[in-house]
Amino acid sequence: SRPGRPSREEQLRRENMVLDIALQDFLKEGLNGTNIETIARKAGVGKSTIYRKYESKQGLLLAVAQRRMVELGERWAEFRFDIDDPEDTLYRIALVSYREWSGKSLPIYRIIYTEAERIPEIAQAVTAMSKQSAIGPILDYFQHLQDNGVIDVNDVAEAASLFLVVAAGALRSFFFPVELDDDGRAKLARDAVQFFLYGYAKRDH
């Protein structure tokens, strides 16, 4: 008799395996050098299965990024945002941002923005996904800070994005990856909070 369809759990396991393998191949070979047939063979699935779900290598790369955006959204959904103690909350946001950026996020962003000039729709789609899921709760928190007079900025989304970039040491780590120790991460987080609260979003005391 024909075997039944795989369970939902098995489907998710296979999907994650395909995305894991795809990410490693994208990192090693770049988008141009990555081959769908190779990914399918490594994952033990048919090439047509991948094309049916993702349509193209670009679609597969977006799926890799989307999975990461969902993971980040889930991480922030568990985070305790305290409107009464913004300095401590921003410090904790900064610590999490560095950890999440320097770990799983940075390699994905490197691939995407390397391809941004050639395929701008990929970068645009990831930016939109990021605002919707990955940093949505943070944007909401920054809006609360603005509404409560804690910060005074022209564009809340831009301010939140800037803070996250500074907190993650993103520009530096993008070009010169350096793994900071606990003291280094704490200093980076404190500096980001000081720069943001008392510089960029300066308020009267």
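A pocket is an open set of grid points with protein on both sides within 12 Å along at least five of seven lines. Keep that meaning in mind for one of the stops below. The model on screen is predicted.

**Whole chain**

Show the chain as a cartoon. It has ten helices and zero strands, and along the sequence the pattern reads α-α-α-α-α-α-α-α-α-α. Along its principal axes, the C-alpha trace spans about 75 × 35 × 30 Å.

**The second largest pocket**

Select Gln 11, Arg 14, Glu 15, Val 45 and Thr 49. Of the 13 residues lining the second largest pocket, these are the closest to its centre. The volume of this pocket is about 340 Å³.

Next, colour helix 1 (8-33) and helix 3 (47-54), the elements that each give two or more residues to the lining. Which helix provides the largest share of the lining? That is helix 3, with five residues. Sorted by class, the lining of this pocket holds five nonpolar, three polar and five charged residues.

**Helix 6 against helix 7**

To see where they touch, show side chains. On helix 6 the contact uses Ser 130, Lys 131, Gln 132, Ser 133 and Ala 134. On helix 7 it uses Gly 136, Pro 137 and Leu 139. By class, the contact of helix 6 with helix 7 is made up of three nonpolar, four polar and one charged residues.

How many aromatic pairs are counted in the model? The count is nine. Phe 142 and Phe 163 form an aromatic pair, with 5.9 Å from centre to centre and 45° between the planes, which is a tilted arrangement.

Conventions: Residues numbered from 1 in each chain as written. Predicted model: local features only at pLDDT ≥ 70, side-chain atom pairs only at ≥ 80, totals over all residues. Heavy atoms only, no water. 1 Å grid on protein atoms, 1.4 Å probe; cavity = no way out; pocket = protein on both sides within 12 Å on 5 of 7 lines; lining within 4 Å. Points joined across faces, edges and corners; volume = space filled by probe spheres on them. Helix = DSSP H or I, 4+ residues; strand = E, 2+ residues; numbered from the N terminus. Nonpolar A, V, L, I, M, F, W, Y, C, P; charged D, E, K, R; others polar. Contact = heavy atoms within 4.5 Å. Phe/Tyr/Trp six-rings, centres within 6.5 Å; stacked < 30°, edge-to-face > 60°.
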